[in-house]
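Hi,

Here's the structure I promised to pass along.

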Amino acid sequence: MDCEKFESALMDELYGELDELTSAAAKRHVSGCARCSALLGGLRATRRVAALPRVEPPADLEQRILAAAAAATPKAVPLRGRLAHAVSMAGSWAMRPQTAMVAVFLVMIGTSVLLLRGKSSRAPASAEMTVTEEGTPAPAAPPAAVAAAAPLSSAAPEAYVANRADRPSALLPPPSPTTGAGAGFAVAPAADALDDNRMRSPAKSMMAKGEDGLGAVALNAPARGAAAGATPAFAPPPPPAAASPAPVGPAGPRLEGTGGPFAGAPLEATAPPPGDPSDELWAARTARDAAARQGRACPSGPRFDDVASRAPGTQQGWDALYEGALCYESLGEFGSARTRLGTLLGVPSYRDRARATLDRINKEQGRGAAAAAHAAPKAAPAAPASPPAADAEQH
Amino acid sequence: MKDAAASRSEIADEALMIRFQSGDRSAFALLVRRHQSPLYNFALRQLRSPSAAEEVVQDAFVRVVHNAAEFKHASRFSTWLYTITRNLCIDHVRKRNLRNHPSLDEPKHPQGDQGGDGPTLGDRTADGRANVERTAVAAEIRERLLAAVDELPDEQREVFLLREVSNVPFKEIAEIVGVPENTVKSRMRYALERLQAALSDYEEYARALR
C-alpha cells in the first residue's frame, strides 16, 4: 500500500471499518511511513479530544414519545372509509397506461379465442369435405308421348338461322313458325365430321328398294309403335287433341320433359344427347346441307326415315318425314316422296306444304312423260329391228 | 465489538419493526428506548436546543408510527429513523432562520452539556491532585469543542455528529444525507481537520491522555 491508497482508506482505518486484510496493509504502511503515521496519529488525537459528552434525554421523554405515538396510531377505519380507499386505489390503478394496455391485450386474446372456437365448432378438423351433385340426367330416349319440340334458348333462333343459311333454299321451304323444329338445335358442326355409316346401314334396305322404301320403312316402323303389316308406317296422325302441339314460345317450341326432375322445365338449346331423335334429325340435316354445298345428292333420306320411325306422331317425326320426302324428290325417287307426302296430308300443319310438293312432283313427272312421249315416235322406225329377231326365234 | 453489537441491534431493529407492523406496540417501545438517547444527542448538537431536540425526537417517532406500513425494509431501521430526524432538524432550522432571530432562551452551549454523563477528558485523569486543573482544562476543551463543532459547515457537522455521536457507519450516513460514501468520508476528514486546528492547543494534552 502506498500513501495515496492509505489516504483513501484513512477514515475507514480511523473508525475501524476496514476489513482485516486492508487494515493490516494500512498498519504496515503506517509503520514504515512517517507522514502517514503522523496523519493518522493526529486524527486519532482529535477524535479523543472531540469526543462530545453524551447528554441524557429527559426522563419523561420516552413516555411522551409513547403517548404521542399512541395518539398518532391510526384507528380502525370504518368500512365506508376503507371502501372509499379501496375504490380510490382501484381507480388509480385503472388510470394507468399499463392497465389499459393489458386490457387491450386481453380483449384481443379473448376475441381470437372466441373466433377460433366458432370456426372449429362449425367445421371439425376431422370432417371430410364432400361434394354432392343434385339432380339426375334426363333419360336418353324420351318416350313417344313426349311432344317433341326443339329446346329453347335465346341463342336458338340464331343457331337455327345460321344452320338454315347453309342449306339451299330451293330444296327446303322456310321453317314455319309452328314448327321451328330446328330452332332449338345448336349450330351444327362440320357435316364432314358426321358419320353417315351408322345411319345408312340400317336403311340400306330402304335405299335399295327405291320406290319400295315404304315397305322397308314399314318393316322398321313396327318397333316404333306403328301398326304392323297392313297399315303404312306413316299412318295418318292421330287427332290433334291426342298429339298436342308443343307450345310455341317467343323463340320457338319448348321441349318439355316427360317427367322426373325435368318435368315442365325448359331445356337449353344445346346439343341433345346422342341417340335422341332430335340429335339424329340434326345430324341428318347437317349431312344434307354439307352434301348440298358440295353439289352432291341428298344422302340423308334413310336418316330422316329413321327419325320418323323412332318418333312417330311427334313434331320431330313429321319434320323428318317431310324433309325425307324432299330428299327423295331431289333424288328423283318420286314414289318414295309421294308416299311420305301422302302421310303428311293428314297432318294439318303439313297439309299445305305436302300438297304443294306433290303438285310440283306431278308437274315434273308430267313434263318428263311428255318429253318421253315426244321422243318415243322418232325412235319407232328403228324399232323393227328387234321384233324380227323375236319372230325368228319363234319360227 | 461495538460495530458487532450495533449490527446485532440493527438486526434486532428489523425484527422489532416487523413485529410493530404486525400490531405489537411493545416492539415499538423497545425501539424508542434503544434509539431515543443517540437521537436526542444528534438533534441536540444540530439544533443546540434541548427543547427543540425533544420536540424533533418525539416527532420523529410519531412519523415512524404514521409510516410504519410504508417501511419496506429496503434499508436499515436506523437509517430510516435518522433520515427522518435529519429532515426534521433541517425544517426546524429553516423555520428558525425565517424568524430571523437566535433563540435568546437557549444558551449557546446548553447547560446540560456541562453535566453530561459521558466520559470526558477530566474523567480520564488518574492523578487526583491535578484533577481540579484537569477539570478546568476539560471544561475549556469542551467549550472550545462545542464552539468548533458549531462552527463546522452544516454538511460536515451532520456527518461528524452522525459518526461520532450516533455511531452510524459511513455507508449509512451516505444514505441518510444522500451523497456518495467517499463524499461522506471527505466531509468527515475535513471536519476532523477543522476540529484539530481548533483544538491544536490541546492536542498535546490529548496525547498525554493516551
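One term before the notes: by the bend at a residue I mean the angle between two fitted axes, one through the seven residues ending there and one through the seven starting there. Also keep in mind that this is a predicted model.

With that in hand, go to helix α2 of chain B, which covers residues 25–47. Its bend is about 45°, and the spot is B:His35. There's a proline too: B:Pro38 comes within four residues after the bend. Past the end of α2(B) you'll meet B:Arg48, with a positive phi near 55°.

As for the rest of chain B, it has 10 helices and 0 strands, so reading from the N terminus, the order of elements is simply α-α-α-α-α-α-α-α-α-α. The chain has 210 residues, and 40% of them count as buried. If you take the contacts in chain B between residues at least 6 apart in sequence, 65% of them join residues at least 24 apart.

Then there's the contact between the two chains. Chain A puts in 29 residues and chain B 44. On the chain A side, three helices supply at least two residues each: α2 (10–14), α4 (34–49) and α5 (61–72).

Which residue would I open first? B:His35, where α2 of chain B bends.

Cheers

Notes: Residues are numbered from 1 along each chain as its sequence is written. Chains are lettered from A and ligands numbered from 1 in the order in which they are written. This is a predicted model: local features need pLDDT of at least 70, side-chain atom pairs count only at pLDDT 80 or more; totals for chains, interfaces and linings use all residues. A residue is buried if 20 or more other C-beta atoms lie within 10 Å of its own, exposed if 12 or fewer, and partly exposed in between; C-beta atoms are placed from the backbone. Two residues are in contact if their C-beta atoms, placed from the backbone, lie within 7 Å.
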